[in-house]
Amino acid sequence: MAAGRRATGLSVAQQERIDHAVAQCREQNGLDVSVVVGDLRITDLSRFRDAAETLHAALGERAHGAVLLLVAPGQRRVEVVTGPAARRRVPDRVAALAVLSMTSAFAGGDLAGGVVDGLRQLAEAAGKRAAIPAPPSAHAALVPAGH
Amino acid sequence: MSRDRTARDGPTARDLSEEPVSRAVTRVATAAVTVTVTVLVTTLLTAAPALAEDIVGPLEGADPGEGLGPAATLLLFVVAPAAAYLLIAAVVLLPGAVRANRYRPAEGWSADPVWFAGPVDADAAIAHADRGDVTRGGAHGSW
């Protein structure tokens, strides 16, 4: 990149905002959400959905009732994957609306804001449920490019 | 009641008929007094400083006091403007510098992926991911 000044990732403040939004979904809506921000190591973008579903399956036992939000800033793709149980609480129609508002935020350069807004929309659709405990890895964990 | 009004109207009407001359005289006299007083007061006030020199002492600038030393001169004409320049520059440039790290869709993304509320060992979890025979829902988009 000629400019030499590149986006280096999420700032600490942005990560905290996303962490907070994820925790709120669990505590106030009893909705197990998980967020990945980063590009997938795939060249064929038609396999993006496939790769996202693999990441969702990687949630293991949680996957059935979990929502995975995958944001690939470099590939400019966002994917919402819902497990069978989560899908009853977050219908595809709601996910599509959340995606719509997220893409407009991302296009404007607001990654964390888009994620937080999207999660809020998913959580509102899911309604209130008893809080679920924090996942084993509650805080942002660096992972090598997925899949 | 009506008689009262008539009684009051009577003199008023008579006054009005006699008024023109005396009222015109009064108006001219008032104007003359006003102009005279104004001119006198203005003249006296503007002339007063010249007359008052002996009373209030030397005029402004007659006793300039000590000049600025080199240090004070530098402070006043070099350091202070430079400080003001730097302060304004900082106020203008800092917000942009802070936001320089923001995401720009056209510039790509070089950071490693971050997984919020993901599995403890993401690598192992992905390697052993079992997608099973379930239909997953969701949505996707691009920008």
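User: In this predicted model, in which sense do strand 3 of chain A and strand 2 of chain B pair?

Analyst: The model is predicted. Strand 3 of chain A and strand 2 of chain B are joined over six bridges. Within this pairing, Thr82(A) faces Gly137(B), a residue of strand 2 of chain B. The sense of the pairing is antiparallel.

User: Which element of chain A gives the most to the side of chain A that touches chain B?

Analyst: The contact between the chains involves 62 residues of chain A and 37 residues of chain B. Several elements of chain A each supply at least two residues of this side, including helix 1 (12-29), strand 3 and helix 4. Eight residues come from the element that gives the most, which is helix 4 of chain A.

User: How many residues of the side of chain A that touches chain B are nonpolar, polar and charged?

Analyst: This side of chain A comprises the 62 residues in contact with chain B. Divided by class, these residues are 34 nonpolar, 17 polar and eleven charged.

User: Against which elements do the buried residues of helix 4 of chain A pack?

Analyst: Helix 4 of chain A covers residues 92-107. Its buried residues include Val94(A), Ala98(A), Met102(A) and Phe106(A). They pack against elements of both chains: strand 3 (77-82) and helix 5 (111-126) of chain A, together with strand 2 (137-142) of chain B.

User: Which residue with a positive phi follows helix 4 of chain A?

Analyst: Helix 4 of chain A has 16 residues and reaches 22 Å from its first C-alpha to its last. The residue that follows has a phi near 90°, and it is Gly109(A).

Technical notes: Residues are numbered from 1 along each chain as its sequence is written. Chains are lettered from A and ligands numbered from 1 in the order in which they are written. This is a predicted model: local features need pLDDT of at least 70, side-chain atom pairs count only at pLDDT 80 or more; totals for chains, interfaces and linings use all residues. Helices (H or I, at least four residues) and strands (E, at least two) are DSSP runs, numbered from the N terminus. The expected span of a helix is 1.5 Å times one less than its number of residues. A residue is buried if 20 or more other C-beta atoms lie within 10 Å of its own, exposed if 12 or fewer, and partly exposed in between; C-beta atoms are placed from the backbone. Two residues are in contact if their C-beta atoms, placed from the backbone, lie within 7 Å. Ala, Val, Leu, Ile, Met, Phe, Trp, Tyr, Cys and Pro count as nonpolar, Asp, Glu, Lys and Arg as charged, and the others, Gly among them, as polar. Two strands pair if DSSP finds at least two bridges between them.
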